Amino acid sequence: TTLFRSEATAFGRHGVRGGPAYHFGDLGTYHLLARLAQGPELAAFVESELSPLLEHDARSTAKLVPTLQAYLDNACRKTDAAQELWIQRRTLYGRLARIEQLLGRSLNDQDTRTRLTLALQGLALLRQRRQA
């Protein structure tokens, strides 16, 4: 449990998901992801779910990972996601269509949204660990 307490401390210090966390039990799905991050499983999962988007973002100015993050963070409400990203709704629609095309999956599918949410959380965790 000491390892997991240190994870909670790191989350609180670095602000993954925007707020301090003082108890590991308060971390929700990050509790599971932090355990997976101890080995190669989390990185493999993130890669399998997001690699087309990460490759796209590495060579494009229109970033799709933040678009997907805003869309999912706003419960798939396109107006709210577009406002958060400071883009027009039709620009958001185009980006979401590109995301679906690159992933070969529909964002209307609940399983797809769940997998992508976990992958984005895992990506944030892995990036936070690299910066620590």
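At what angle do the axes of helix 3 and helix 6 cross, and within what distance do they come? Roughly 125 degrees, and within 9 Å. Helix 6 here is residues 89-103. That angle makes helix 3 oblique to helix 6, because the oblique class takes in what lies between 115 and 145 degrees. The crossing is right-handed as helix 3 passes helix 6.

One caution before I go on. This is a predicted model.

Who makes that contact? From helix 3, Glu49, Pro52, Leu53 and His56. From helix 6, Arg98, Ile99, Leu102 and Leu103. By class, the contact of helix 3 with helix 6 divides into five nonpolar residues, one polar and two charged.

Stay with His56 for a moment. His56 sits in helix 3, which spans residues 41-59. Is His56 buried or exposed? Buried, because its relative accessibility is 10% and the cut-off for buried is under 20%. Leave out residues up to four places away in sequence, and His56 touches Ala62, Leu64, Arg98 and Leu102. Another, Leu64, belongs to the buried set of helix 4.

Now step back to the whole chain. It has seven helices and zero strands. Read from the N terminus, the order of elements is α-α-α-α-α-α-α. The chain has 132 residues, and 39% of them count as buried. The accessible surface is about 7,600 Å². Carbon and sulfur atoms hold 52% of that surface. What about contacts along the sequence? Take the contacts with a separation of 6 or more: 55% of them come from residues 24 or more positions apart.

Next, helix 4. How many of its 10 residues are buried? Seven, so helix 4 is largely enclosed by the rest of the structure. Here is the list: Leu64, Val65, Thr67, Leu68, Ala70, Tyr71 and Leu72. And what covers them? The cover includes helix 3, helix 5 (78-85), helix 6 and helix 7.

Take helix 7 from that cover. Helix 4 is residues 64-73, and helix 7 is residues 110-131. They pack at an angle of about 120 degrees, with axes 11 Å apart. Helix 4 and helix 7 are therefore oblique to each other. Helix 4 passes helix 7 in a left-handed crossing. On the helix 4 side, the contact uses Val65, Leu68, Gln69 and Leu72. On the helix 7 side, the residues are Arg113, Leu116, Thr117, Leu120 and Leu123. The class count for helix 4 with helix 7 is six nonpolar, two polar and one charged. Val65, Leu68 and Leu72 are also in the buried set of helix 4.

Helix 7 has another partner, helix 2, residues 29-36. Their axes come within 10 Å and cross at roughly 60 degrees. Helix 2 and helix 7 are therefore oblique to each other. This crossing, helix 2 past helix 7, is right-handed. Helix 2 brings Thr29, Tyr30, Leu33 and Ala34. Helix 7 brings Leu118, Gln121, Gly122, Ala124, Leu125 and Arg129. By class, helix 2 with helix 7 gives six nonpolar, three polar and one charged.

Last topic: backbone angles. Most residues other than glycine have a negative phi. Two residues here are worth a look against that background. One is Ala75. Ala75 is not a glycine, yet its phi is positive, about 55 degrees. Ala75 comes after helix 4, in the loop between helix 4 and helix 5. Buried or exposed? Ala75 counts as exposed, because its relative accessibility is 51% and the exposed class starts over 50%.

The other is Trp86. Trp86 has a positive phi too, near 60 degrees, and is likewise a residue other than glycine. Where is Trp86? In the loop between helix 5 and helix 6. Trp86 is exposed, with a relative accessible area of 80%.

Helix 3 with helix 6 is a right-handed crossing. Helix 2 with helix 7 is right-handed as well. Helix 4 with helix 7 is left-handed. Thanks, happy to take questions.

Methods
Residues numbered from 1 in each chain as written. Predicted model: local features only at pLDDT ≥ 70, side-chain atom pairs only at ≥ 80, totals over all residues. Heavy atoms only, no water. Axes fitted to C-alpha atoms, helices over the stretch in contact; angles between N-to-C directions. Helix = DSSP H or I, 4+ residues; strand = E, 2+ residues; numbered from the N terminus. Parallel < 35°, antiparallel > 145°, perpendicular 65-115°, else oblique. Left-handed = near helix turned anticlockwise from the far one by under 90°. Contact = heavy atoms within 4.5 Å. Nonpolar A, V, L, I, M, F, W, Y, C, P; charged D, E, K, R; others polar. Buried < 20%, exposed > 50% of the residue type's maximum accessible area, 1.4 Å probe, protein only. Areas by Shrake-Rupley, 256 points an atom, 1.4 Å probe, with all protein chains shown as cover.
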